[in-house]
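Trainee: I would like to learn how to read a model like this one. Can we go through it together?

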Amino acid sequence: MATLAEPEHDFSRLPDLPADVFTAPLKKPAHVGDDWLEPAQTQYSSEDDAIWNDLFARQMDVLPGRAASAFMAGLQKLNLNRGGVPEFGKLSEDLNALTGWTVVPVPMLIPDHVFFWHLANRRFPAGNFIRTRETFDYIQEPDVFHDVFGHVPMLTDPVYAGYMQEYGRAGWKAMRYNRLKALGSLYWYTVEFGLIQERDGIKAYGAGILSGPTEVVYATEAKSPNRIMLNVDRVMRTDYVISDLQPTYFVIESFEDLYRQTVERDFDKLYRHLGPGFTYANTAVIDVDYVVNEGTLEYTLRGGRGSGAKPV
């Protein structure tokens, strides 16, 4: 993704956000600085640790055979099953030794340009809170379980770790063209909801899939969703669903393939021809698609989560 980035930028310094860049307004808590980093990781209670352990156990009942081999290897390398919410200092020490990344605590969703800056410097911002028993099955804002369990094991893979850093470096160019929605769609369909073709079948590597028990089965096995080989230009023109199971997933051949498709793309040319909105609905199958599986879309057509439809 080298051509996504703005080479003149000094990624050691947090960039200013130009006034003509359109981004979601977020109110910064008074106790954090411009980097939005918490002074320290939360001291989690025994109940918080029990929630982590229960979430972990639930996922491990469904992930074997459905999660990407790189993710399963990452869980072991970082020893995330040691019990309780991981301590970021120890986690960062182990991760840094593998790929040069660290994990840093943030209070909530953070502004795009700050998020990009942390990724560009191989820091992964993780929510400094964990869901409650009342929100055990679904939480709208990503918590420490989603961020650490879902994302961090993949950062032990050197190629994927490089992709994430280049994604962060890419943010400045997307902001200059006011095309954050398009770059966000790429993140959504790869980092959050990506699938990979392995020798023994399609597996999940996206954190949004890996941190939820229903979606990991649905994404890899259900007949409803479309599964289409990744085409970066197409993905960046495609809308997505935030609060329900995805009607469409995009599949990569390998992490080298993902890196190559983004690094070698001329994003200046792409951004000049992209409209401010999306071109394709999240249910669409179009003539340029290499379709692995054209779904029935039954779950979506029946109304999805709100209707009580079964994720089949």
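Mentor: We start with the whole chain and end with one residue. Keep in mind that this is a predicted model.

Trainee: How many helices and strands are there in the protein?

Mentor: The protein has 13 helices and 7 strands.

Trainee: What does the radius of gyration say about the protein?

Mentor: Compare it with the value for a compact globule. For 312 residues that would be near 20 Å, and the protein has 19 Å, so the two agree. The C-alpha trace spans about 50 × 45 × 35 Å along the principal axes.

Trainee: Which share of the contacts joins residues 24 or more positions apart?

Mentor: Take the contacts with a separation of 6 or more; residues 24 or more positions apart account for 71% of them.

Trainee: And what about burial and surface?

Mentor: Of the 312 residues, 55% count as buried. The accessible surface comes to about 13,800 Å², and carbon and sulfur atoms hold 50% of that.

Trainee: Now one residue. Where is Asn282 found?

Mentor: Asn282 sits in the loop that runs between helix 12 (267-273) and strand 7 (291-293).

Trainee: Is Asn282 buried or exposed?

Mentor: Use the cut-off: buried means under 20% relative accessible area. Asn282 has 15% relative accessibility, so it counts as buried.

Trainee: Which residues does Asn282 touch?

Mentor: Leave out residues up to four places away in sequence. Asn282 then touches Tyr189, Thr238, Asp239, Tyr240, Val241, Pro247 and Thr248.

Notes
Residues are numbered from 1 along each chain as its sequence is written. This is a predicted model: local features need pLDDT of at least 70, side-chain atom pairs count only at pLDDT 80 or more; totals for chains, interfaces and linings use all residues. Side-chain values use heavy atoms; hydrogens and water are left out. Helices (H or I, at least four residues) and strands (E, at least two) are DSSP runs, numbered from the N terminus. The radius of gyration is taken over C-alpha atoms; the globule rule is 2.2 Å times the number of residues to the power 0.38. Buried means under 20% relative accessible area, exposed over 50%, partly exposed in between (1.4 Å probe, protein chains only). Contact means heavy atoms within 4.5 Å. Accessible areas come from the Shrake-Rupley method with a 1.4 Å probe; for residues, only the protein chains shown count as cover.
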